[in-house]
Amino acid sequence: MIDDNQTPKKSKFPILILFSVITITVIAALLVYSEFEKRETKEMQGLYHTKIQTIKTYLNEGNCTQAAFEYAEAKVMREDIVSRGLYYSIKSHAKQAYEIEIAECFANRKEFENAIGMLHIEENNDPDYLLRASVIFKNSGDLSTAQKAKSKAEEYTH
């Protein structure tokens, strides 16, 4: 029998149930979010690869301007993919997305301003890219940058 100055002991059982329910809810929410992010990233990778194929198609058609536009869009996608922590590096984007080929396309049309705008010799250490870029700079009349690109290419081949 309980008298008036004794209070019944409260059970810790409801608190444990509440804590368990909250924990399970948080874990479930994290799993759903993770799955959503994974699916979204996979879709973005697919779109990125589609963009790369579109760039290749435009280059084959000789449409430098549209290829450059697609390249810029693909670069934004690539940066988003990199920000999600995936293996894609933004530096390798230039090679995969035909940056030098787009620049050569413009150079062949004597649109050197657009061609040079595509080039990033400071960030690139691929000798083939640098030698091809040096030819574009040379043909545009920028001999000092052409020599700089050529010298940098020679550094990486030795």
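Visitor: In which helix of this model does I22 lie, and what makes I22 count as partly exposed?
Guide: In this predicted model, I22 lies in helix α1, which covers residues 13-61. Its relative accessibility is 46%, and since buried means under 20% and exposed means over 50%, with partly exposed in between, I22 counts as partly exposed.

Visitor: Why is helix α4 called largely enclosed?
Guide: Helix α4 spans residues 99-108, and seven of its 10 residues are buried, so the helix is largely enclosed by the rest of the structure. The buried residues are E99, I100, I102, A103, C105, F106 and A107.

Visitor: What does I102 touch, leaving out residues up to four places away in sequence?
Guide: I102 touches I55, L59, C64, A67, A68, Y71, A97 and M118. Together with I55 and L119, I102 touches the most other members of the largest nonpolar core, which has 33 residues. The elements that give two or more residues to this core are α1, α2 (64-83), α4, α5, α6 and α7 (143-157), and α2 gives the most, with seven residues.

Visitor: How do you know that the length of α2 is close to the expected one?
Guide: The helix α2 has 20 residues and reaches 28 Å from its first C-alpha to its last, which is close to the 28 Å expected at 1.5 Å a residue. Its buried residues are C64, A67, A68, E70, Y71, A74, M77, R78 and I81, and just after α2, G85 takes a positive phi of about 85°.

Visitor: Where does K110 lie, and is K110 buried or exposed?
Guide: K110 lies in the loop between α4 and α5. Its relative accessible area is 64%, and because exposed means over 50%, K110 is exposed. K110 also has a positive phi of about 65°, although it is not a glycine.

Visitor: Why does N124 count as buried, and where is its place?
Guide: The place of N124 is in the loop between α5 (112-118) and α6 (127-140). Its relative accessibility is 13%, and because buried means under 20%, N124 counts as buried. Leaving aside neighbours within four places in sequence, N124 is in contact with Y129, L130 and K152.

Visitor: What share of the contacts with a separation of 6 or more joins residues 24 or more positions apart?
Guide: Residues 24 or more positions apart account for 53% of those contacts in the protein.

Note on methods. Residues are numbered from 1 along each chain as its sequence is written. This is a predicted model: local features need pLDDT of at least 70, side-chain atom pairs count only at pLDDT 80 or more; totals for chains, interfaces and linings use all residues. Side-chain values use heavy atoms; hydrogens and water are left out. Contact means heavy atoms within 4.5 Å. Helices (H or I, at least four residues) and strands (E, at least two) are DSSP runs, numbered from the N terminus. Buried means under 20% relative accessible area, exposed over 50%, partly exposed in between (1.4 Å probe, protein chains only). A nonpolar core is a set of buried Ala, Val, Leu, Ile, Met, Phe, Trp, Tyr and Cys residues joined through side-chain atoms within 4.5 Å. The expected span of a helix is 1.5 Å times one less than its number of residues.
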